[in-house]
Amino acid sequence: MIGRRAVLATLAASALPLGACQQRASNARVGVIAPLTGEGATYGASMRRGIELAFGDSSGVQLIFEDDKLSAQDGVAAINKLISVDDVDLLYGSAASGVTTAIVPIADRNQKVLLSSISTADDLTDASRYFFRNVPKNAFQGSTAATYLQRRGGIERIAIFGENDDYGVNLAESFKQAAQQAGMQIVYESAYLGSDTDFRTQLTRIKSSGAQAVFVPGNYEETGIILRQAAELRTSALFIGGDGSYSPTLLSYAGPAAEGFVCTIMSVDRTTEMYRAFAEAFRTAHNADPDVYDTYAYEAGLILRQVLERGRADPRAYLAATTFDTFAGPLAFQGSDMIRPYGVTVVRNGQFVDQ
């Protein structure tokens, strides 16, 4: 197998023609705001793996990590430190839409570019001239889930049971509009708090409603518990969630009850040379296949690296005017967003399988 450094060198050369401007990235600092501990730590782990791989061993860029613990308050403290104490050039983060919503105004006031590879809330679109994201927004995700159910056939009665936060509420509304437009009836609608652990009362009502499918936008921990408790109550409805449910940790929370669970997830074209090179480098570094969050974090890292090497004089203007190589082909930002599709993955035999 080719060595890790050789793989990284080949990957960087093929994805981003560097060379003449590489010296300009030296001594730069990128601040990373991510949930490194607590609930959401698997998102943070993917963000760290992806961005570290993108910058490699020889970029000359210092990555400074701050733990937001999936908390807006901790995210605000993190970004203030990174800007006022660490004097970072660029910012990357965060995972939770609620955290990113809280830190965008601070990045804006300080005229610091902030790039996210996970936060999907619709309200973040054009929230600031300095905010960008390479992940598509919830509007596309909600319609993808509704279209999947419509094409599956035989599903007319829908329940919505999501987390009561920026991500869950926004995605639930996005899905609801798409489902109703597709002719499906919403027969039950409720929300839960991230601190909740017993969902049996709501699940009993969902079962009584006759819902044939249940949309559960939320994080993987609560979704895993919901799936397990729904199985205990012998609920026969199909459960479908958003990208927040996509994590191996969900499988450990739900156990066998995860079988057949569906969730929407950002699309990745795994047939390209760019992806194959990335996957090889990732396996060399981590002895595992990359997940979609690793992949989008790596892509975000490549974008930030290119900014430092070619557009450091005015990062915001460079991001706004440049077409970047991505895992969906060449893409440019349209305002703050990259327009790209969502896919669907299903748990089969204890693993997420793309459909």
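The model is predicted, so local features need pLDDT of at least 70 and side-chain atom pairs count only at pLDDT 80 or more, while totals for chains, interfaces and linings use all residues. Residues are numbered from 1 along each chain as its sequence is written, and side-chain values use heavy atoms, with hydrogens and water left out.

**Helices H6 and H7**
- Helices are DSSP runs of H or I with at least four residues, and strands are E runs of at least two, numbered from the N terminus.
- The axes of H6 (residues 138–152) and H7 (residues 166–181) come within 8 Å and cross at roughly 45 degrees.
- That angle makes H6 oblique to H7 (under 35 degrees is roughly parallel, over 145 roughly antiparallel, 65 to 115 roughly perpendicular, the rest oblique).
- In contact (heavy atoms within 4.5 Å), H6 residues including Ala145, Ala146 and Leu149 meet H7 residues including Leu171, Phe175 and Ala178.
- The residues of this contact of H6 with H7 divide into nine nonpolar, six polar and no charged (Ala, Val, Leu, Ile, Met, Phe, Trp, Tyr, Cys and Pro are nonpolar; Asp, Glu, Lys and Arg charged; the others, Gly among them, polar).

**Helix H9**
- Ten of the 13 residues of H9 are buried, so H9 is largely enclosed by the rest of the structure (buried means under 20% relative accessible area, exposed over 50%, partly exposed in between, with a 1.4 Å probe and protein chains only).
- Among the buried residues of H9 are Tyr220, Glu221, Ile225 and Leu227.
- Their cover includes helix H3 (41–55), strand S7 (185–192) and helix H10 (248–254).
- Just after H9, Arg234 takes a positive phi of about 55 degrees.

Note on methods. Axes fitted to C-alpha atoms, helices over the stretch in contact; angles between N-to-C directions.
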